[in-house]
Amino acid sequence: MSFCKDDKVKDFKEHFCKEAETIVTDDFPKKIIQLDELLKSDMFQCEDLTLMHMTLNVPVPDPVIVNSHQSEAKRRKLEHSLDDIQGELSIQGTKVYLNPAGMVTCNTKLTKIIEVMKPEIRTLVEKCNMLKMWVQLLIPRIEDGNNFGVSIQEDTLGELRQYESEAAAYLDQISRYFITRGKLVSKVAKYPHVEDYRRAVEEMDEKEFISLRLVCCELRNSYAALHDLIVKNIEKIKTPRTNNAESLY
């Protein structure tokens, strides 16, 4: 029974290593070309960042007209209520129960770009994780001396971990954008007369477009750097230690 398990584990390792080598030799070059073409496509070629703006369907309510011919009792009551308001520590905005114009939608232009980039980010994370396991399986048992190839394997593992963590951080960046934008839009709904909040939403959309373009550029560069590193050191990664007998001749 143990022999059967050992054979299955051995087959798994052999299949895993072949698949990992295919990722480096075939998948990485394809991804480099694909992301480079995506970076040069119309999706990211936007010189005028104002094209990324979306109109917020949060209407500005009509100003309240106060009648100057109101009675003295009403005027005293109004002054009393104003004194109460001034005594509060925080300024209270408009209570928002519903939006008359319906739901405030996301920026659809940026959402389309995000839907394209998220699978690319996930793919890089998965491939880096797989290559980490591949290099780990190729590390020989610990011995004294002749560890130059092992040090190359460890350096490669460090690079793979770094690119994997950086790619995972891009996903956090996308979620933070939606959270922050949602808070700003709620401010627009609460203080519809304040133009600064509306402008802040537009500035955030412009910033997110630039960030997404940089993410695409970084993904392409990550594939190129990893492909270059592994291909240049593929012999040392696959065979970190040479046969001592062969080295004598």
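Trainee: How many residues does the protein have, and what percentage of them count as buried?
Mentor: There are 249 residues, and 30% of them count as buried. Buried means under 20% relative accessible area, exposed means over 50%, and partly exposed is in between, using a 1.4 Å probe and protein chains only. Before we go on: this is a predicted model, where local features need pLDDT of at least 70, side-chain atom pairs count only at pLDDT 80 or more, and totals for chains, interfaces and linings use all residues. Residues are numbered from 1 along each chain as its sequence is written, and side-chain values use heavy atoms, with hydrogens and water left out.

Trainee: What makes up the secondary structure of the protein?
Mentor: It comes to 7 helices and 0 strands. Helices here are DSSP runs of H or I with at least four residues, strands are runs of E with at least two, and numbering starts from the N terminus.

Trainee: Why is Glu-164 called buried?
Mentor: Glu-164 has 14% relative accessibility, so it counts as buried. This residue sits in helix H4. Leaving aside neighbours within four places in sequence, Glu-164 is in contact with Val-125, Cys-128, Asn-129 and Lys-132, where contact means heavy atoms within 4.5 Å.

Trainee: And what does Lys-118 count as?
Mentor: Lys-118 counts as partly exposed, because its relative accessibility is 41%. Lys-118 belongs to helix H3. Again leaving aside neighbours within four places in sequence, Lys-118 is in contact with Leu-171 and Ile-174.

Trainee: Why does Pro-192 count as buried?
Mentor: Its relative accessibility is 5%, so Pro-192 counts as buried. You'll find Pro-192 in the loop between H4 and H5. Pro-192 and Val-58 are 134 residues apart in sequence, yet 7.2 Å apart in space, C-alpha to C-alpha.

Trainee: Now the helix pairs. How do you know how H3 and H4 run relative to each other?
Mentor: H3 (residues 108–138) and H4 (residues 148–190) pack at about 155°, with axes 9 Å apart. The axes are lines fitted to C-alpha atoms, for helices over the stretch in contact, and angles run from 0 to 180 degrees between N-to-C directions. Under 35 degrees counts as roughly parallel, over 145 as roughly antiparallel, 65 to 115 as roughly perpendicular, and the rest as oblique. H3 and H4 are therefore roughly antiparallel.

Trainee: What about H3 with H5, parallel or antiparallel?
Mentor: The axes of H3 and H5 (residues 195–232) come within 11 Å and cross at roughly 25°. That makes H3 roughly parallel to H5. The residues of this contact divide into 17 nonpolar, 2 polar and 4 charged. Ala, Val, Leu, Ile, Met, Phe, Trp, Tyr, Cys and Pro count as nonpolar, Asp, Glu, Lys and Arg as charged, and the others, Gly among them, as polar.

Trainee: That leaves H4 and H5. At what angle do H4 and H5 pack?
Mentor: The angle is about 170°, with the axes 11 Å apart. That makes H4 roughly antiparallel to H5. By class, the contact of H4 with H5 has 19 nonpolar, 5 polar and 7 charged residues.
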